[in-house]
Amino acid sequence: MSNKATTAFSRTAGFFARRFGWACAATLATLGIAPHADAASSEPPSAQSVQVNSIPERLRIVRERLGTEGLQNVHHAKQLRFTQWYKGR
Amino acid sequence: MESIPNSMCGTHGALELLVVQATPFCNIDCAYCYLPNRSSKARMSEATLERLFESVFSGPFVSDRLTVLWHAGEPLVAGIDYYRRAFALIERLNRTDVGVTHSIQTNGTLLGQHWIDFFRLHDVRIGVSLDGPPHLHDRYRRTRNGGGTCEQVLRAVRLLRRNDYPFHVITVLTRESLLAARDLFKFYLENGISEVAFNIEEIQGEHSRSSFQGEDLGEAVKSFFRELLALVESHPGKVAVREFAGVFGMITDPGAADYGNPQTKPMRIVTVGVNGELSTFSPELIGSRSERYRNFVFGNVHAGGLAGVVTESNFVDAYRDIQLGVAKCRQSCEYFDLCLGGAPANKFFENGSFATTDTLHCRLSKKALIDVALERLERASLLRLGEALKLPR
């Protein structure tokens, strides 16, 4: 798939997953249409995909799907030396 | 030990951040500065410092650790001897061995080798205010004559790097920066800046306008953070961004909410003005005008000390209104579990009351980031699904 097509598919798969559940996304995947989740993409997801669920629901799903271990690996957790209050100029 | 009234027991948190205004004076004149007295050359006296730290170390709020942030005015203006005396005084008064970390947020223009030697001696944490390359930085961060300061700040950054002294950078994001994520990231890489924090230009105190007002720039802020996140992740270990660490931390660790919101709990953050004035909640409140809350001065180190703050009627009014605002946020905002009620200062400066909810700060600094982080994690969970099904990446 071209990059453009891959990205378009990622959006579609994400939309289906959120709209109809992971089983549907998995079905799509088993049909040979891989959900190529472009991890470092700066592309926004489709508008529909962010409207399907509320923030608490999306939060719950993300935590459930990725699990603590997976989540910790998502972003490098370098120990920062920032002060706690953060709005100085 | 000073005591506090029973009615306040359980409502305050342990003091974790003490923001001390050694001087309100700043040698430069940033267009977005919110400090009202930045031309005053007053300095906090030794007597005030002594009363302050006596009150801190003998008071009911101290725990085993404390960050002292020298801020609100350019701290280096006070001179190195001032801090030598101040640090020695604090050490002398710290009879219970509280773990004190000193932190300085500086514009960098006065930084020299002698400062770095001093910082190293006391393990001072350093933040440098730097908004990116000259075309972004010099637009707002100017000398009192209107000249740019970027080159002077970069000289400080080079000096810190030559000394291998750790520092972070605070970049104020303005409307102009939103299209410059790539330029900013390249700038950090080129200048060896590995820890960055972003503050959105806000309406605060004296700064009553923001370049973000008017049209809704929420989507533009999200695009900025999406692009920056992609850059950060495609250059592993190069640049750590406080906002990403914070928001991913909140999302990935459900227990992170237990830390609460230090700006809405009394005495977790205490701000001390140059004459010993005491304030709490958001540090930006001190020095700002308000008849209802008597300019957010809830006490003085020379009269009542820290323990006296929670008995003042203007403090009680402010605390009640802040709690009302938090309750409204909890009731009306789906982001509440990750934001925990926002920043009282922004509510006051933007909406005229603590007992309100939505602000520019909410939309641009909280919601936009949470949206970007959730999108990113949702992509990751899709990827995980693909891996589980042994699908090609």
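**Ground rules.** I'm working with a predicted model, where local features need pLDDT of at least 70 and side-chain atom pairs count only at pLDDT 80 or more, while totals for chains, interfaces and linings use all residues. Residues are numbered from 1 along each chain as its sequence is written, chains are lettered from A and ligands numbered from 1 in the order in which they are written, and side-chain values use heavy atoms, with hydrogens and water left out.

**Entry: B:N314.** I looked up where B:N314 sits, and found it in helix α10 of chain B, residues 313-332. Helices here are DSSP runs of H or I with at least four residues, numbered from the N terminus. Is B:N314 buried or exposed? B:N314 counts as buried because its relative accessibility is 1%. (Buried is under 20% relative accessible area, with a 1.4 Å probe and protein chains only.) Next I checked what B:N314 touches beyond four places in sequence: B:R292, B:Y293, B:R294, B:V297 and B:F298. Contact means heavy atoms within 4.5 Å. The B:N314 side chain also reaches the backbone oxygen of B:V297 at 2.9 Å. I noted B:F296 too: 18 residues away in sequence from B:N314, with 7.5 Å between the C-alpha atoms.

**Entry: B:H137.** This residue is in helix α4 of chain B, residues 134-140. B:H137 has 0% relative accessibility, so B:H137 counts as buried. Which side chain does the side chain of B:H137 make a polar contact with? I found B:T149, at 2.8 Å. (A polar contact is a pair of N or O atoms within 3.5 Å; within protein, one must be able to donate a hydrogen and the other to accept it, and residues adjacent in sequence count only if both atoms are side-chain atoms.) Setting aside residues up to four places away in sequence, B:H137 touches several residues, including B:S129, B:D131, B:C150 and B:V153.

**Entry: helix α8 of chain B.** I checked residues 242-252 and found the helix mostly covered, with eight of 11 residues buried. Among them are B:F244, B:V247, B:F248 and B:I251.

**Entry: α1 and α2 of chain B.** These helices, residues 46-58 and 80-93, pack at about 30 degrees with axes 10 Å apart. Axes are lines fitted to C-alpha atoms over the stretch in contact, and angles run from 0 to 180 degrees between N-to-C directions. That makes α1(B) roughly parallel to α2(B), a label for angles under 35 degrees. The contact includes B:L49 and B:F53 of α1(B) and B:L89 and B:I90 of α2(B).

Note on methods: Helices (H or I, at least four residues) and strands (E, at least two) are DSSP runs, numbered from the N terminus. Buried means under 20% relative accessible area, exposed over 50%, partly exposed in between (1.4 Å probe, protein chains only). Angles under 35 degrees count as roughly parallel, over 145 as roughly antiparallel, 65 to 115 as roughly perpendicular and the rest as oblique.
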